[in-house]
Number of protein chains: 6
Amino acid sequence: MNQIITFGEVMMRLSPSGNRKFIQASHLEFYFGGTELNVGLSIAHFGGNVKHITCLSDDFIGDTALSYLNKFDLDTTAVIRSKRPLGVYFLEVGAVMRPSSISYNRSHSAFSEIEPSMVNWDAALENGSWFHWTGITPALTKGSFETLKEGLKLAREKGMQVSADPTYRSGLWNYGVDPKDALTELLHCSTVFIGGINEMNEVLGTNFGYSNDEFIEASKLIIEKFPSIVKVFDKIRTSINSSWHKIRARMWNGKKFYETQDFDITHIVDRIGTGDAFAAGLIYGLQHFKDTKSMEFASAACALKHTYVGDVNYATIDEVMRIVEGNLTGRFNR
Amino acid sequence: MNQIITFGEVMMRLSPSGNRKFIQASHLEFYFGGTELNVGLSIAHFGGNVKHITCLSDDFIGDTALSYLNKFDLDTTAVIRSKRPLGVYFLEVGAVMRPSSISYNRSHSAFSEIEPSMVNWDAALENGSWFHWTGITPALTKGSFETLKEGLKLAREKGMQVSADPTYRSGLWNYGVDPKDALTELLHCSTVFIGGINEMNEVLGTNFGYSNDEFIEASKLIIEKFPSIVKVFDKIRTSINSSWHKIRARMWNGKKFYETQDFDITHIVDRIGTGDAFAAGLIYGLQHFKDTKSMEFASAACALKHTYVGDVNYATIDEVMRIVEGNLTGRFNR
Amino acid sequence: MNQIITFGEVMMRLSPSGNRKFIQASHLEFYFGGTELNVGLSIAHFGGNVKHITCLSDDFIGDTALSYLNKFDLDTTAVIRSKRPLGVYFLEVGAVMRPSSISYNRSHSAFSEIEPSMVNWDAALENGSWFHWTGITPALTKGSFETLKEGLKLAREKGMQVSADPTYRSGLWNYGVDPKDALTELLHCSTVFIGGINEMNEVLGTNFGYSNDEFIEASKLIIEKFPSIVKVFDKIRTSINSSWHKIRARMWNGKKFYETQDFDITHIVDRIGTGDAFAAGLIYGLQHFKDTKSMEFASAACALKHTYVGDVNYATIDEVMRIVEGNLTGRFNR
Amino acid sequence: MNQIITFGEVMMRLSPSGNRKFIQASHLEFYFGGTELNVGLSIAHFGGNVKHITCLSDDFIGDTALSYLNKFDLDTTAVIRSKRPLGVYFLEVGAVMRPSSISYNRSHSAFSEIEPSMVNWDAALENGSWFHWTGITPALTKGSFETLKEGLKLAREKGMQVSADPTYRSGLWNYGVDPKDALTELLHCSTVFIGGINEMNEVLGTNFGYSNDEFIEASKLIIEKFPSIVKVFDKIRTSINSSWHKIRARMWNGKKFYETQDFDITHIVDRIGTGDAFAAGLIYGLQHFKDTKSMEFASAACALKHTYVGDVNYATIDEVMRIVEGNLTGRFNR
Amino acid sequence: MNQIITFGEVMMRLSPSGNRKFIQASHLEFYFGGTELNVGLSIAHFGGNVKHITCLSDDFIGDTALSYLNKFDLDTTAVIRSKRPLGVYFLEVGAVMRPSSISYNRSHSAFSEIEPSMVNWDAALENGSWFHWTGITPALTKGSFETLKEGLKLAREKGMQVSADPTYRSGLWNYGVDPKDALTELLHCSTVFIGGINEMNEVLGTNFGYSNDEFIEASKLIIEKFPSIVKVFDKIRTSINSSWHKIRARMWNGKKFYETQDFDITHIVDRIGTGDAFAAGLIYGLQHFKDTKSMEFASAACALKHTYVGDVNYATIDEVMRIVEGNLTGRFNR
Amino acid sequence: MNQIITFGEVMMRLSPSGNRKFIQASHLEFYFGGTELNVGLSIAHFGGNVKHITCLSDDFIGDTALSYLNKFDLDTTAVIRSKRPLGVYFLEVGAVMRPSSISYNRSHSAFSEIEPSMVNWDAALENGSWFHWTGITPALTKGSFETLKEGLKLAREKGMQVSADPTYRSGLWNYGVDPKDALTELLHCSTVFIGGINEMNEVLGTNFGYSNDEFIEASKLIIEKFPSIVKVFDKIRTSINSSWHKIRARMWNGKKFYETQDFDITHIVDRIGTGDAFAAGLIYGLQHFKDTKSMEFASAACALKHTYVGDVNYATIDEVMRIVEGNLTGRFNR
């Protein structure tokens, strides 16, 4: 009935421990991740009922990925399997002024070969009330774009809420479609826009700056251009260096602008998936709280994610709420 | 002749490495700890002659705990063994705004079944000159409370100094005794009070705030109510978040108020046992220095403990003294 | 409809890696296990639909145990939570002539406090067709014995198959019930007996030896004394030393004696849970194969389990069948 | 002048430690390997001058692979780099009757896109005296087959020795060429044949069995069909199970049949790359010893490789010679 | 009163885990060892009162070594400290036909600079009843030889038993003394000879073979030449390969020859220190049992040591006795 | 032609992971380092052609060190081997106010026995254009001082640039030479001086303070006293504590004073080798950039080194240039 649907690639993440480079390492830690999966897992930790739809390799690596989804109690009944290998990404974690580096091995992965005929969207969305998508999926292959489009159309027909995180990654989009056209089509099936000025400029063809006033103006244009969209949320990251960030959020919900305080993240543990934690907090929040509190919840969730190793936010509702309520000094839970 | 006596439970501490949660882990680090043991071990690292009295399980886990005490040259001749298992605690280490979490498995442990008849206090205190106790021991079971009380009474009869750290932990005290009554009885056998406003309010039934003036007033009441007590020491922790604290100390020794500078602990390695390191520094200091220097020594020891993994302060006298003398920039020792 | 029900304690298993003793270790590996859970997980790896019923601690350790059950897709809807801690067991793995050693911390665990009123057996068995129990559960506490008994009675009323593995562990049974009486009551609710001569002698009050003839005679007595039981299976282990065992199986199914060949397990990886793998193989086999093939399947499953670290048999149907078919030389799967 | 040339794919090997499955693991060990590279590295450990020609990814993974080749002092001046990712293979190490399992992610790797135009064979073979190839390279893609063919032709023109290990892997050869045709072409450029009855049957279209007589007959046919080939070597593996093998070698050098004794490898550490160690031993041996001693050297090298973790044989000349001389009891080197 | 004295160098042992070579490793395990220390620690595990006399470096490495001795409750009151570094040895563990390799960094270590004036033998031997020495100590430096000699002379004056294990290591003895002369002098202060035919030939200048008859003849000559010696014990190792040994013992006690059965050690965990475990078993046994049982105890202790990682035998009296009594199948201890 | 020559000891570095002390550890990480090697390796990462000249032990530890140099493509043709062991140093990494501690075992190492006759300087410097030396080498032994001196003289004869980093370490210089005299001799063969006020005071016999004016005055004196020296560079470290430093650089190049901005290194990963990274950046920079940019490059390289574990700066030219260009916020490289 109330199921949240996420759809996207699952990749194996491989990285040396700590700040080691591969050239120094002999052991790697591995996790599974993917922007939409991260959102789904985070909502599951809040207690949400989440179904993740993806295509995994039909080998022991795919088995391991599947067990990872099951471990956190995602609905995996719509997962499909393929003869192709699972996508992999390699991560070197930076520190201070050294940036983290990522190298991908995903271009012929199990998920990238997905086609609309492989997903039974009717069955998959049966109990769905919310669908979340990101700009990574349409950027991979024509098949993944078309499959997503078909799912979104059905979701809107069924009256589901649709949150869009149209992250634009320039290294992708290699299959001959114009990103702006593709994202435009998908945003017309969406109801909540999660993204910054860059994404707004990309889909609007504008050139707005980062000020709050420009954010509001851009948001209004988004809502005007995509009438199904009613709210726009943005997360602002201020990086002192790789190890120390500040996070805040702002929104325009058609009527009101609101901006949260900065969270000061003085000792980052893992920066991957923090945007996904924000989206997850927002999706959960918008179903339970007012818009402003949703945004505070989302930015607290995002801040907390920086303290967990791996791609996923492990925080529970209670743990996020404690942050929202201002308990930032980290006293022991006994 | 000059032996320092500590008495209390030894538990196995289990935690994933780094900031991992158990749900992410497959390996755990283990240590042994316990608030009174931590004090004893820390004093042993200063070169003190320390005897720890406890009850360990009579299995290979108890053997391992015993070897841990021997490793640091504690006098273990008064350790007793029991058929019951050793207490265990599980720790998830937080970061930034995420608090650390602890879960205990101690309620039917070897130590919790201790009874006065099991400890030969005459023999155990034979060479004792100082006895240190904390509010954890009387909070566990009637047996541990009674056993401690018997030891303290004999200690005072023998003219030993007794330091009290009446930490109040609300999750304990489940065996039907009123904490205030029990602590009052034990404080009447004590000569040095180590504790903050919360503990003073608890035993005085007052409601003092955190200001220095109120601290002095409360300390005077402590000394008035418990005539054996002649000095009161307090450690003040200012938490920016889980990873960044400041520490300072203050005291009222019946005549004089004194307060140290803050130590700024910008990158905490392990926060467990830092209060115990303070108590150990104080106990050592009061036997070798004036009160004010004792307090500086104690707060330097406490600050240093934040840089060691595990429950124990490994700092030697020389290492603490270097901090007391203001060498805070961490130049190499070669 | 076709669900297999397992009921029993889940414990955290802690052990140093390799053949280290705790006294040499600073890191531990952890797993979750419990004889009935091991059976359930193994059947789940064969593709079976399994529900495990247990009581877990209501803390992050219990959360981790729950995620472990979910990971392998067990039905966890009937799991209950308690304020008491999860049971723990410590394992030192032997080698050659050195035996492995186990120390338990389970006597006041979450599961041991279970009472019949805490399990809704009607709902729990709704889709059940097979119930598996072992002699560990009734040996823990009166509550666990009574809860199991209630479940078994309902299972038989519903016409479910019931497999009994009445393993007798002398260190348990401390709550004042006679093991023979308790097991007798439970065996009267069972249809398949899995156990060796020792267990048969225990419940029959006989003194049979290990020969096949005596096994047949004892089996006949079991079937006579417990009319609901129709088949008896036994697993025979020949230990050259801690690192090298041989395994075979035998049965009496009321009509026919059958005995398998020995599997030669020359380099044991982990011996824990191998009996559970046998039981799981049998339960799966009896639902899909003839009795003799079931036994071959079970003993191949048991042999394979010796090659996996942890309590659980990870072998799939195909992997077991390859062994049954005689592919023992371990050629690569590519 | 005297350089040995190896040409083939370098892959990253990822595996859990010990006998763990991926589903149980959180950490992986990584190595680099590839059948021809393994041969080259092994010869380098014997002190040979080896150049390995390959195509690596142009990212930090490729950098790490390159540093791995440099570490063992291979000549890497002919290594080329590509925008595509490095191939990866995943390994689960079996034990006793459980086979090891491998899953590949190599189909669109950096090496698989190689084309003849990318290698400057004239420069690459400038100092070459021996070229080694295997049946994996022509099985990958048309480009890798053509590139190898071009190199072999030049090698023969220059009068270099060419050793062929035409291992047939049925999971490959997916690009539309008949394996028999391709291997035939390449064998016509070869002077030493290293392979078993299966490979001989594959290229001859015959159906010989494993007896020595049939081996001799098949070898004669090989030499007849491929006049450039003058010697045939075979390695015979007898597997008791995954953990315990026996190895011996046999040859037909156009005049004489010779067979070595069995080496009994009672506790296999890592079975990967043992065939490559045999080939390396043979290539080194044929340049320094008579044929029979070469074969003894090769089979001792092969046996020793089973005792090293990873894909590579680390044994030096001296270490292999000690085995050849019959020192099998493993007395300490101090 | 009843203290056993051991005297000798303590070194740090560094080795990669498993069978890795240093060239493959990035992490090392470390232990402390030394042949005489290993004997002392093993006797301490049997419950013996042992004092180890040595010279450690005066840095944090020496502190760590000292804590290691304390951990197992050795009497460390006679340990001295020096400005020179602790000796180190590096170990690569072989497998099957690959031998283990050791490289030493000990020639200017703290212990090697010891001089008679540095040890207060009167105080050190105050409670001593047994002194154990090996051929390593006199082989290091003139100072260590002289220091040992002084201790042995006093031990004999005090009527202590002295066991000699005159292991001859040809890589040592570089300081200009003839090994035979030095060992002869020391054996004249000894009462029990532990050593094989090689050692007997070395000190006798004979050429006996390995048969029992020759062992008896050689033993008689030892007893004749060194009248203080009354018993000769030998341990016979049959190596199938690095991973699989057999062990038995034999003796001539002046009256009687006796030989034990072989222990079959099919899966060696760590071979280092197994000779020391034999000596320790013998020293303990000769104080508690008849000669023949002492030898059985010693060879069971030796066999068990092969199952522990590190230099030390962790077996307790009970654990050894179980082996002596024939319990070799490694059934669980619960 | 354009080869950079470094000459100095290579040591094995052993340290527990994280901030552990040896007394808490059972595993160590190991690296190889040495101040001149660190400089050479860092320049090799910039793409420079570097030859390192040293003496390694002739055992598997020396082999491992050699493979480490090869791994990063240093020219190792002038490496010599010795029967003596490789030097070792032990490191405990501090945190916050706790300093790191180092203990050396190098006094009789392979390198310390080097003599001028052991290095063929003509061949070694054949393609050299730059020679870098530090004050560690002449401080070790007379042999290492003399060998260095001979190399420097030839380097100057050949017109090579010579950079001097006359670090003064008071724990060394134990062989009877006056440091000031030795350094003076070597500085007369140098063209670039890298060092702080302390080093200048040491060789000038002055007493300058840390101000820029005093730095300029001291630099002028250096250039006056050592006419071959034309430029002086200094790196200024401001330590908040062990975990948080600031770095900047200043220079006097005979004409002009220049000072860089501070880099704020808020979360130090590894502080070892950061001075070497500065020297390497300077040497590379002076060959490619103007003096001021060289200094900016050097101080960016130094700052980046604080983010890599181990002794070596892994940063590439591009990575350093990004810092020089002001990209300090650590955005991902994808």
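Q: In β13(F), which residue is the bridge partner of V232(F)?
A: In β13(F), V232(F) has W252(F) as its bridge partner. The model is predicted: local features need pLDDT of at least 70, side-chain atom pairs count only at pLDDT 80 or more, and totals for chains, interfaces and linings use all residues. Residues are numbered from 1 along each chain as its sequence is written, while chains are lettered from A and ligands numbered from 1 in the order in which they are written.

Q: How do you know that β12(F) and β13(F) pair?
A: Strands are DSSP runs of E, at least two residues; helices are runs of H or I, at least four; both are numbered from the N terminus. Two strands pair if DSSP finds at least two bridges between them. β12 (residues 231-241) of chain F and β13(F) have nine bridges, in the antiparallel sense. The two strands also form a hairpin, with two residues between them.

Q: Which strand forms a hairpin with β13(F) with four residues between them?
A: That strand is β14(F). The two pair in the antiparallel sense over three bridges. W252(F) has F257(F) as its bridge partner in β14(F). In the turn, G254(F) has a positive phi of about 95°.

Q: How many bridges join β13(F) and β15(F)?
A: Three bridges join them, in the antiparallel sense. K246(F) stands opposite D264(F) in β15(F).

Q: Why is β13 of chain F called largely enclosed?
A: A residue is buried if 20 or more other C-beta atoms lie within 10 Å of its own, exposed if 12 or fewer, and partly exposed in between, with C-beta atoms placed from the backbone. Seven of the nine residues of β13 (residues 244-252) of chain F are buried, so the rest of the structure largely encloses this strand.

Q: What makes α10(C) mostly covered?
A: Twelve of its 15 residues are buried. Among them are S294(C), F297(C) and L304(C). The cover includes β12, β13, α9 and α11 of chain C.

Q: How do you know that the span of helix α10 of chain C agrees with 1.5 Å a residue?
A: The expected span is 1.5 Å times one less than the number of residues. The 15 residues of α10 (residues 291-305) of chain C should therefore span 21 Å, and the end C-alpha atoms are 21 Å apart, which agrees.

Q: In which sense do β2 and β7 of chain C pair?
A: They pair in the parallel sense, over four bridges. M11(C) stands opposite G87(C) in β7(C).

Q: What rotation superposes chain C on chain E?
A: Copies are superposed by least squares on the C-alpha atoms of residues with pLDDT of at least 70 in both. A rotation of 120° does it, with 0.0 Å of shift along the axis and RMSD 0.0 Å. That is the relation of a three-fold axis. In chain C, H267(C) has the C-alpha nearest the axis, 4.7 Å from it.

Q: How many residues of chain B are in contact with chain F?
A: Two residues are in contact if their C-beta atoms, placed from the backbone, lie within 7 Å. By that test 20 residues of chain B are in contact with 22 residues of chain F. β15 (263-265) and α10 of chain B each supply at least two residues of this side.
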